[in-house]
Amino acid sequence: QASGHFPASHPLHCRIEQHARRQAHAPALGCGAQSLSYGELNAQANRLAHRLIVLGVRPESRVGIAMSRSVEMVVGLLAILKAGGAYVPLDPDYPADRLAHMVEDSGIALVLTQAAVRTRIPGADRLQILEVDTLDLSAESDADPQVQVSADSLAYVIYTSGSTGRPKGAQLSHRNVARLLDATDAWFGFGPDDVWTLFHSYAFDFSVWEIFGALCTGGRLVVVPYWVSRSPQDFLALLRAERVTVLNQTPSAFGQLVHAVEQDEEGGSGLALRKVCLLYTSPSPRDVEE
């Protein structure tokens, strides 16, 4: 069921929860050999969300997330929303001084991370750190948390490139993202048969379109490992193997991909693409007005 069929007041995670109820066994998320169905994704995010609630996360709470590209990263992001919080993405591949500014400016006190990434978080000794890959959440409920979150509640804070000064946090609500999805539904008709890639850093605004464009419309999201995103030939192979139907690219990255297709013996054969969205100006929730 496409995003446009949801009431505008539905927070993002509630849209995903509805798909989990309707199509629990449908594939939702994958990265390499790992994959989760909608039911599994929802249950894992619920367990982590309940732990976050115990630790004090409430609506409007800002929670940092510093993880490598992985299934766990998407689970963590969804768990923060389910707990009522707003996620603050801290890409561990970003420069340390940029991350330090983001940690201080956002006012976060809690960060979700992974054991291998923890040392890259500036000021970690002053923060509450949860390593999601070492947590035992087996005792937590897998039921949807009953947290009162409105469409106007804060969903995330993403920092700008900072080309005109220090990076500044853009604060976006669930309604902002919902407007983007609903306004474009008639153009694209995204649905459960679509396969998307998370090609960009989750600290880049374009990732919001990729993540929620897929999961809020019942599609499948393929997380692209960092090294694959830097190799047009390997990315082309992933597009074929995963039967990706929706591709989101900057013009420069798409140009490299087109060159890879031209140089490949198979050319464009084996590709299942039906929509290519190019980022000239970001299809950001900030750009969608009432």
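Helices (H or I, at least four residues) and strands (E, at least two) are DSSP runs, and they are numbered from the N terminus. The structure described with these terms is a predicted model, in which local features need pLDDT of at least 70 and side-chain atom pairs count only at pLDDT 80 or more, while totals for chains, interfaces and linings use all residues. Residues are numbered from 1 along each chain as its sequence is written, and side-chain values use heavy atoms, with hydrogens and water left out.

Rolling a probe the size of a water molecule over the atoms shows where empty space is left. On a 1 Å grid over the protein atoms alone, a pocket is an open set of points with protein on both sides within 12 Å along at least five of seven lines, whereas a cavity is a set of points where a 1.4 Å probe fits but cannot get out; lining residues have an atom within 4 Å of a point. Grid points are joined across faces, edges and corners, and a volume is the space filled by probe spheres set on the points.

The second largest pocket holds about 250 Å³ of space. Three elements, β2 (34-37), α2 (38-54) and α3, each supply at least two residues of its lining, and α3 gives the most, with four residues. The lining has 13 residues, and those nearest the centre of the pocket are Gln44, Glu72, Val75, Val132 and Leu137. For sorting such residues, Ala, Val, Leu, Ile, Met, Phe, Trp, Tyr, Cys and Pro count as nonpolar, Asp, Glu, Lys and Arg as charged, and the others, Gly among them, as polar. On this basis the lining of the second largest pocket divides into seven nonpolar, four polar and two charged residues.

Two cavities of 30 Å³ or more are counted, and the largest cavity contains about 40 Å³ of space. The residues that line the largest cavity are Ala66, Leu90, Pro92, Leu99, Val103, Arg120, Ile121 and Pro122. Seven of these lining residues are nonpolar, none is polar and one is charged.

Charged side chains can also be followed through their pairings. A salt bridge is a side-chain nitrogen of Lys or Arg within 4 Å of a carboxyl oxygen of Asp or Glu, and the structure holds 13 salt bridges. In one of them, the side chains of Glu17 and Lys82 meet at 2.8 Å, N to O. This pair links distant parts of the chain, 65 residues apart: Glu17 is in helix α1 (residues 12-22) and Lys82 in helix α3 (residues 71-82). A residue is buried under 20% relative accessible area, exposed over 50% and partly exposed in between (1.4 Å probe, protein chains only). Glu17 is buried, at 7%, and Lys82 is buried as well, at 1%. Glu17 and Lys82 are linked with Arg21 and Asp144 in a network of salt bridges.

Glu242 meets Arg220 at 2.8 Å, N to O. Glu242 lies in helix α8 (residues 232-242) and Arg220 in strand β10 (residues 220-223), so this pair ties together parts that are 22 residues apart in sequence. Glu266 meets Arg240 at 3.8 Å, N to O. Because Glu266 lies in the loop between α9 (251-263) and β12 (275-278) and Arg240 in helix α8, this pair ties together parts that are 26 residues apart in sequence. Arg240 is buried, with a relative accessible area of 15%, whereas Glu266 is partly exposed, at 49%.

Asp91 presents another arrangement, in the loop between β4 (86-89) and α4 (96-106). Lys and Arg count as positive and Asp and Glu as negative, while His and the chain ends are not counted. Asp91 is buried yet has no salt bridge, and the nearest side chain of opposite charge, Arg69, is 5.6 Å away. A polar contact is a pair of N or O atoms within 3.5 Å; within protein, one must be able to donate a hydrogen and the other to accept it, and residues adjacent in sequence count only if both atoms are side-chain atoms. The side chain of Asp91 has such a contact of 2.6 Å with the side chain of Ser201, and the side chain of Asp91 also reaches the backbone nitrogen of Asp93 at 2.9 Å.

Helix α6 (residues 206-215) has 10 of its 10 residues buried, so this helix is largely enclosed by the rest of the structure. Among them are Phe206, Trp209 and Glu210.
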